Amino acid sequence: MASLMDKGKQFLIEKVARMDKPSADVTDIDIKNVTMESITLESAVDITNPYGHDLPIGQISFRLRSADREIASGTILDPGSVKAKSKTGMIIPVTVPYNFLLSIMKDVGHDWDIDYDWDIGLTMQLPIIGKFTLPLSKKGTMKLPTLSDIF
């Protein structure tokens, strides 16, 4: 009897492992707003839903780092759903104060850009699997605005 249960459990594990799962990609990071105190960045994330029903996103958690220091982090609760059998775009806004940028001037250097690591977790409720966090990561370089961009 135990052998039959083990075979059934193994069968279920293999079926779940072969199921299509949602996927996501950080497609773009842009500077959207520049003020005298801060820069607002927006990250575009495309999420693909392979299921025949809408998939609610419970939360988006994010962390932006540069020069091994955390620039910003946070959580967006209940940002919406991913449409059935399609790709849905979501925007994640982050405000970065200039005082942080001044503290990492060594990384900014003469070319006026900043290297970044952007980590995002999309938490959703999947059928059979349950609560699932899809991790995303993007590394890159962002050009900072000059004084002429601000005024």
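How many of the 12 residues of strand E2 are buried?

Modeller: Of the 12 residues of E2, 9 are buried, so the strand is largely enclosed by the rest of the structure. Buried means under 20% relative accessible area, exposed means over 50%, and partly exposed lies in between, using a 1.4 Å probe and protein chains only. Before going on, please keep in mind that this is a predicted model, where local features need pLDDT of at least 70, side-chain atom pairs count only at pLDDT 80 or more, and totals for chains, interfaces and linings use all residues. Residues are numbered from 1 along each chain as its sequence is written, and side-chain values use heavy atoms, with hydrogens and water left out.

The chain has 4 helices and 7 strands, and along the sequence they follow the pattern α-β-β-β-β-β-α-α-β-β-α. These elements are DSSP runs numbered from the N terminus: helices are H or I with at least four residues, and strands are E with at least two. For the chain as a whole, 33% of its 151 residues are buried.

Now the neighbours of E2. Strands of a sheet pair through backbone hydrogen bonds, either parallel or antiparallel. Two strands count as paired if DSSP finds at least two bridges between them. Strand E1 (residues 23-34) pairs with E2 in the antiparallel sense over 10 bridges, and these two strands form a hairpin with 3 residues between them. E2 also pairs with strand E5 (residues 86-97), again antiparallel, over 12 bridges. Here Leu41 stands opposite Val94 in E5, and the partner of Glu42 in E5 is Pro93.

Together they give an open sheet of 3 strands in the order E1-E2-E5, with antiparallel pairing. E1 and E5 stand at the edges with a single partner strand each, so one side of each has no neighbour in the sheet. From one strand to the next, the twist averages 20°; the axes behind such angles are lines fitted to C-alpha atoms (for helices, over the stretch in contact), and angles run from 0 to 180 degrees between N-to-C directions.

Let's zoom in on one residue, Ser43. Ser43 sits in E2, which spans residues 38-49, and its bridge partner is Ile29. With a relative accessible area of 1%, Ser43 is buried. What surrounds it? Setting aside neighbours within four places in sequence, Ser43 is in contact (heavy atoms within 4.5 Å) with Val26, Asp28, Ile29, Met90, Ile91, Ile92, Trp118 and Ile120. Its side chain also makes a polar contact with the side chain of Trp118, at 2.8 Å. A polar contact is a pair of N or O atoms within 3.5 Å; within protein, one must be able to donate a hydrogen and the other to accept it, and residues adjacent in sequence count only if both atoms are side-chain atoms.

Lys85 is in the loop between E4 and E5; Lys85 is exposed, with a relative accessible area of 62%, and has a positive phi of about 50° although it is not a glycine. Asp78, in strand E4 (residues 69-82), is exposed at 59% relative accessibility.
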